[in-house]
Amino acid sequence: MTLTRAPQMHSINPANGETFHSYDMHTSAQVDQKLTAAVTAFQSYRCTTFAERAAWMNHAADVLDARKQELAELATQEMGKTLASALQEVEKCARTCRYFANNAEKFLADELVHTEADQAYVTYQPLGVVLAVMPWNFPYWQAFRFIAPTLMAGNVGLLKHASNVPGCALAIERVLIEAGFPEGVFQTLLIGSKDVEAILKDDRVKAVSLTGSEGAGRSVAGTAGASIKTSVMELGGSDPFIVMPSADLDAAASTAVTARTINNGQSCIAAKRFIIHEAIYDAFVQRFVEGLAALKLGDPLLETTDVGPLATPQIRDDLHAQVQDAVEHGAKLLLGGELPEGEGNFYPVTALSELKSTMQVWNEEVFGPVALIFKVHDLAGAIQIANGTRFGLASSVWTQDDAERAIFVRDLEAGSVFVNSMVASDPRLPFGGVKASGFGRELSRHGILEFVNIKTVSIGAPASAHHSRTE
Ligand code: NAP
């Protein structure tokens, strides 16, 4: 295997632009060794019991809890999320490890099926080495929501994390080693995105899970498809947040503020398009924009900060270009929109209304603290705007009307509908999208079933059985 690579990866603080650590990237020979180590580890790990895996996974949760301050500070320094949100992220990873430690055996228990055979059942077996290609925005959560179910199912994992969070990527590997997982069961690869194709094509790798942008998804899903390998794609989103006249406006507006600016606005399931019924438009927008304006932009390590810097200068440039394009094409700037002076990738919380389908923001994901506000006449108009994008990740709907609610649940093209609450992932619920937001599910029983061989076992059959022999 020949891999192309730059020699180093760097940890660059988005709050001040300083490079505070550099890491040698793995050579082709090192990657090859790790692939072999993964295959070797799988031979014995696949035969471990659920109780053994659960003990390691619960220990991983304990290590995460014990190290949460240092892990959270590292994430804040590498990608700019507020320290408070980084701490919550590490805690959620620990909860998810415990959830799958406690539930994997039940989720993957053999299922008896009554047929004409003496005995028939379905049994779930691990696939082998699974590659995870992950984004920087929730550097621990994205990885652990893959790790906990995948390793509990008896697979082994390789992580290719985003190039701007090498410190978090290595910290995740250390957590799992300290937890006691056998050597080779989970390894981090410090490689660039160009190296993914060769690794995924390697026969030693059986499946891939990618969380990232639509472009990365198209490329990796294409390679997986050509290699006939299982893949799960968790891609971008442009989630609608719909407010109808019967909604509790104060609750809707304050939740909208959080839903747009969570993780400095860089979340796949952040509410991005606020679709507001005309009867309550002015009242909602006033509350919403006031709430956004009250947020404090600043040093993500400070407790008083609500919104930190964007992860990279490129993300800030791309976001500002989208905002400028909208304004040039007639959008109304209700808040923000001006690049601040000084160091760091800071971008002001921004709100835009009077949007048109010719604007970039109408058709593209807006990955930063920029709210897009739409006015609609009725429920049908709300659904038309909500579904009028290539994405279909999640959606949030605010109404007290049961009939309206039923229509939204039926008609919104999205992987989830949250009514009178904010979209959030939860290890107990499946997570994923439709359309260009991807396919497959993470979390819950649905998530753990993505990377298993659903094996049919049929033992004997009475001679008189009239079952089909056509296939
Ligand atoms: P990204 O640029 O697509 O990167 C994600 C990962 O994919 C990184 O590890 C990246 O490596 C790798 N990658 C990029 N292009 C690739 C290619 N052509 N082939 C193989 N690997 C490739 O996305 P991002 O900017 O880090 O993250 C933001 C995006 O992720 C947004 O669109 C967001 O909505 C989406 N996201 C989706 C979910 C979800 O669950 N649906 C969750 C979080 C984020 P390098 O860093 O080395 O380029």
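The model is predicted, so local features need pLDDT of at least 70 and side-chain atom pairs count only at pLDDT 80 or more, whereas totals for chains, interfaces and linings use all residues. Residues are numbered from 1 along each chain as its sequence is written, and side-chain values use heavy atoms, with hydrogens and water left out. The largest pocket has a volume of about 1000 Å³, and the second largest pocket has a volume of about 790 Å³.

- On a 1 Å grid over the protein atoms alone, a cavity is a set of points where a 1.4 Å probe fits but cannot get out, while a pocket is an open set with protein on both sides within 12 Å along at least five of seven lines; a lining residue has an atom within 4 Å of a point.
- Points are joined across faces, edges and corners, and a volume is the space filled by probe spheres set on the points.

**Largest pocket**
- The volume of the largest pocket is about 1000 Å³, and of the 36 residues lining it, Pro-135, Trp-136, Gly-212, Ser-213 and Ala-216 are the closest to its centre.
- Two or more lining residues come from each of helix H7 (196-201), strand S8 (205-211), helix H8 (214-226) and helix H11 (313-328), where helices (H or I, at least four residues) and strands (E, at least two) are DSSP runs numbered from the N terminus.
- H11 provides the largest share of this lining, five residues.
- The lining comprises 15 nonpolar, 14 polar and seven charged residues, with Ala, Val, Leu, Ile, Met, Phe, Trp, Tyr, Cys and Pro counted as nonpolar, Asp, Glu, Lys and Arg as charged, and the others, Gly among them, as polar.
- Because domain 1 (8-235 + 437-457) and domain 2 (239-419) both give residues to the lining, the largest pocket lies between them; the domain bounds come from an automatic or database domain assignment.

**Second largest pocket**
- Of the 36 residues that line the second largest pocket, Ser-85, Gln-88, Phe-138, Ile-262 and Asn-263 lie nearest its centre.
- Helix H4 (83-107), helix H5 (141-152) and helix H9 (249-261) each supply at least two lining residues, and H4 gives the most, with nine residues.
- This lining has 17 nonpolar, eleven polar and eight charged residues.
- Domain 1 and domain 2 both contribute to the lining of the second largest pocket, so it lies between them.

**Cavities**
- Residues lining the largest cavity include Arg-145, Phe-146, Val-232, Arg-441 and Phe-451.
- H5 and helix H15 (444-448) each supply at least two residues of that lining, with the largest share, four residues, coming from H5.
- The second largest cavity has a volume of about 60 Å³, and among its 14 lining residues Pro-240, Ala-386, Ala-394, Glu-413 and Ala-414 are the closest to its centre.
- Strand S10 (239-243), H13 and strand S15 (391-392) are the elements that give two or more residues to the lining of the second largest cavity.

**Helix pair H13 and H14**
- Helix H13 (residues 379-387) and helix H14 (residues 402-411) pack at an angle of about 25 degrees with their axes 11 Å apart, the axes being lines fitted to C-alpha atoms over the stretch in contact and the angles running from 0 to 180 degrees between N-to-C directions.
- H13 and H14 are therefore roughly parallel to each other, since angles under 35 degrees count as roughly parallel, over 145 as roughly antiparallel, 65 to 115 as roughly perpendicular and the rest as oblique.
- The crossing of H13 and H14 is right-handed, that is, the near helix is turned clockwise from the far one by less than a right angle.
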